[in-house]
Amino acid sequence: MIGDFNAFRAQLVLPAQCELFDYWLSCSIDGAIPHRHVFTPVAIPQLLPHVSLIDVEHVGRFRIRLAGTQLRDVFDREITGLPVSDLERMSSAGYWQRACSSVVETGLPMQGAIKSPRITKDHLVQFWLRLPFAARDGSIRQVLGFDACIPAADLQIDLSQCDQGEPDALAV
């Protein structure tokens with residue numbers, strides 16, 4: 001069941017994160033975790049370049065079913081079809097696996113900010129959001145992702161404030 005996410009939403013930094021989160025919440029029926037078939041991408045066309053859909057293949061294994069065009073820029077390659085473990089070679093070891101696993105295990109959304117996964121783009125901050133989608137049996141079979149990279153100078157923040165290790169579930 002979806003709870004009160006006011007505190008979680010207040011932690012989202014980008015307006016686009018809030019927009020996607022609000023739309024995801026609106027897809028909930030009777031307070032349950034939204035089902036993928038209720039989610040309509042045409043409702044959020046401006047966000048699609050930053051959106052990914054991640055399949056749960058089995059416990060601890062995830063594959064990127066779809067990835068928006070901005071994610072190609074983030075990772076310097078097309079990531080549609082790749083196992084999430086392949087992203088680990090391009091960024092912090094295990095970070096994305098742990099984030100996806102936590103969303104699947106808890107059924108709670110997660111968000112965070114990390115330094116860009118590419119050394120050639122270390123001036124960027126990657127803001128991310130991961131939202132669960134339930135299957136008909138209630139299990140989490142897909143994860144909706146959102147990722148946007150913003151130059152740290154535009155944000156006027158110290159990059160040392162960004163996650164360096166474990167992704168945190170910030171849902172309440």
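Guide: Leaving out residues up to four places away in sequence, Phe21 touches Phe5, Phe8, Arg9, Leu12, Pro109, Leu129 and Leu131, where contact means heavy atoms within 4.5 Å. The model is predicted, so local features need pLDDT of at least 70 and side-chain atom pairs count only at pLDDT 80 or more, while totals for chains, interfaces and linings use all residues. Residues are numbered from 1 along each chain as its sequence is written, and side-chain values use heavy atoms, with hydrogens and water left out.

Phe21 belongs to the largest nonpolar core, which has 25 residues; Leu20, Phe21, Phe39, Leu129 and Leu144 touch the most other members. Such a core is a set of buried Ala, Val, Leu, Ile, Met, Phe, Trp, Tyr and Cys residues joined through side-chain atoms within 4.5 Å, buried being under 20% relative accessible area with a 1.4 Å probe, protein chains only. Helix H2 (15-26) and strands E1 (51-58), E4 (124-134) and E5 (140-151) each supply at least two residues of this core; helices (H or I, at least four residues) and strands (E, at least two) are DSSP runs numbered from the N terminus. Another core, of 21 residues, lies apart from it and includes Val84, Tyr95, Ala99 and Val143.

The strands form an open sheet of 5, in the order E2-E1-E5-E4-E3, with antiparallel pairing; two strands pair if DSSP finds at least two bridges between them. Strands E2 (61-67) and E3 (110-115) stand at the edges with a single partner strand each, so one side of each lacks a neighbour in the sheet. Between E4 and E5, which run antiparallel, there are 11 bridges. Gln126 has Cys149, in E5, as its bridge partner. H2 packs on the sheet, touching E1, E4 and E5, and its direction makes about 0 degrees with that of E4. Axes are lines fitted to C-alpha atoms, for helices over the stretch in contact, and angles run from 0 to 180 degrees between N-to-C directions. Helix H5 (residues 95-106) also packs on the sheet, touching E1, E2, E3, E4 and E5, with its direction at about 30 degrees to that of E4.

Within strand E1 lies Ser52, which counts as buried at 4% relative accessibility. Beyond its neighbours within four places in sequence, Ser52 is in contact with Leu66, Ala67, Leu71, Val143, Leu144, Gly145 and Asp147.

Key:
Buried means under 20% relative accessible area, exposed over 50%, partly exposed in between (1.4 Å probe, protein chains only).
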